[in-house]
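Reader: I have a structure open on my screen and would like to walk through it with you. Shall we take it piece by piece?

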Amino acid sequence: METLKKQINDANSLTELEKVRIDLFGKKGTLSKEFAKLKDVPGPEKKAFAEGLNKNKAILQTEFDARYEKLKKEEIENLLKAEAIDVSLYGNLDEKGAYHPVMATMDKIIDYFVALNFAIEDGPKIEDDFHNFEALNLPKNHPARDMQDTFFFKDGAVLRTHTSPVQIRTMLSQKPPIRMIAPGAVFRKDYDITHTPMFHQVEGLVVDAKGEISFANLKAIMSDFLHYMFGEVEVRFRPSFFPFTEPSSEVDISCIFCEGEGCRVCSHTGWLEVLGCGIVDSNVFDAVEYKDVSGYAFGLGVERFAMLLHKVPDLRMLFEGDTRLLEQFR
Ligand code: DAH
């Protein structure tokens, strides 16, 4: 009896105790073997023998239960100790996050236009064909639709490929004059060192009475804006094509890395393309039923600006969530 008790109390974990339980109380265990002897005990002694066995079984069971309670309690205490969080500990300030460089660049861009009284407009990221293409003078089968690698939904809706649809939404819901920017995420099937499937643009639109808005206005404001963003750079307007503007222009700044000498970043041209703009095409005004107006529009990629401002070699780094990148912007 004492060895059996000792066996129970020598178990130092719940797993060990479980083994003891099987040894003692299991079907083929010590107690079962003792009870099996009952059949060989002579008749008159059977009762006393059985009573003795049952008494011992009860004693062992009590011993076992006590041991179980003790070990269980210890296990819970150990677990609590191991998982304890000392909320009074001083935080690790080295691992603080940072404002994302893309958002910081976005804010800087927005600040400029807000100071010039531009309103901030917003639109849905899931767009329909009309707002994303049709009303922007990109009719079905127009080859210019190929310029944008679109994510289509089964029902024909799209993830907006640019922020230009916000121009349409704003004109459809407001009367001229309009003076707005539309910052936000856009989506295209693209993935390489200068493209990610999600990126951000800032769109701009200014509309006023016919004859009020000229290319000279556009040129002045874009030049001033680019000097605000990049400091002492040269600004160059290059004739280009966009379906929603006519005439259209792409705007370059002298390379901020080599100052126009020619380097890898500017593909040895000395110039960096930074935005697209133009005079709003009359077809766009027709689509929103604006009459006797004139206007200019522009659009730019925020990541491209952030990349240039912070010399980020691979655009994809901005979205990998690696804290080592963010730490550099604290
Ligand atoms: N939507 C054009 C794009 O995604 C950018 C753009 C160019 C917007 C010229 C404009 C514009 O408003 O006038 O590439």
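Reader: Gladly, then: in which strand does P247 lie?

Author: Happy to start there, and please keep in mind that this is a predicted model. The peptide bond from E246 to P247 is cis, with omega near -5°. As for its place in the fold, P247 belongs to the strand covering residues 245-254, which is β7.

Reader: Which residues does the other cis peptide bond join, the one with omega about 0°?

Author: Look at the loop between α7 (165-173) and β4 (178-187), where P177 is placed. The cis bond there has an omega of about 0°, and its two partners are P176 and P177.

Reader: Where is H268, and what is its phi?

Author: Most residues other than glycine have a negative phi. H268 is not a glycine, yet its phi is positive. You will find H268 in the loop between β7 and β8, and its phi is about 60°.

Reader: Now to the ligand: which strands each supply at least two residues of the shell around it?

Author: The shell has 16 residues, with H162, S164, R188, Q201 and E203 the closest. Sorted by type, the shell holds 5 nonpolar, 9 polar and 2 charged residues. The strands that each give at least two of the shell residues are β5 (198-209), β8 (271-280) and β9 (293-301).

Reader: How far is a polar side-chain atom of R188 from an oxygen atom of the ligand?

Author: A polar contact is a pair of N or O atoms within 3.5 Å. A polar backbone atom of A297 is 3.2 Å from a ligand oxygen, and an N or O atom in the side chain of Q201 is 3.0 Å from a ligand oxygen. For the polar side-chain atom of R188, the distance to an oxygen of the ligand is 2.6 Å.

Reader: What share of the ligand's exposed area does the protein bury?

Author: Begin with where the ligand sits, which is the largest pocket. Taken alone, the ligand exposes 360 Å². Of that area, the protein buries 91%.

Reader: Finally, zooming out, how many Å separate the centres of domain 1 and domain 2?

Author: The domain assignment places domain 1 at residues 2-82 and domain 2 at 101-329. Taken over C-alpha atoms, the centres of domain 1 and domain 2 are separated by 79 Å.

Technical notes. Residues are numbered from 1 along each chain as its sequence is written. This is a predicted model: local features need pLDDT of at least 70, side-chain atom pairs count only at pLDDT 80 or more; totals for chains, interfaces and linings use all residues. Side-chain values use heavy atoms; hydrogens and water are left out. A residue is near a molecule or strand if one of its heavy atoms lies within 4 Å of it. A polar contact is a pair of N or O atoms within 3.5 Å; within protein, one must be able to donate a hydrogen and the other to accept it, and residues adjacent in sequence count only if both atoms are side-chain atoms. Accessible areas come from the Shrake-Rupley method with a 1.4 Å probe; for residues, only the protein chains shown count as cover. On a 1 Å grid over the protein atoms alone, a cavity is a set of points where a 1.4 Å probe fits but cannot get out, and a pocket is an open set with protein on both sides within 12 Å along at least five of seven lines; lining residues have an atom within 4 Å of a point. A molecule sits in a cavity or pocket if more than half of its atoms lie within 2 Å of its grid points. Helices (H or I, at least four residues) and strands (E, at least two) are DSSP runs, numbered from the N terminus. Ala, Val, Leu, Ile, Met, Phe, Trp, Tyr, Cys and Pro count as nonpolar, Asp, Glu, Lys and Arg as charged, and the others, Gly among them, as polar. Domain bounds come from an automatic or database domain assignment.
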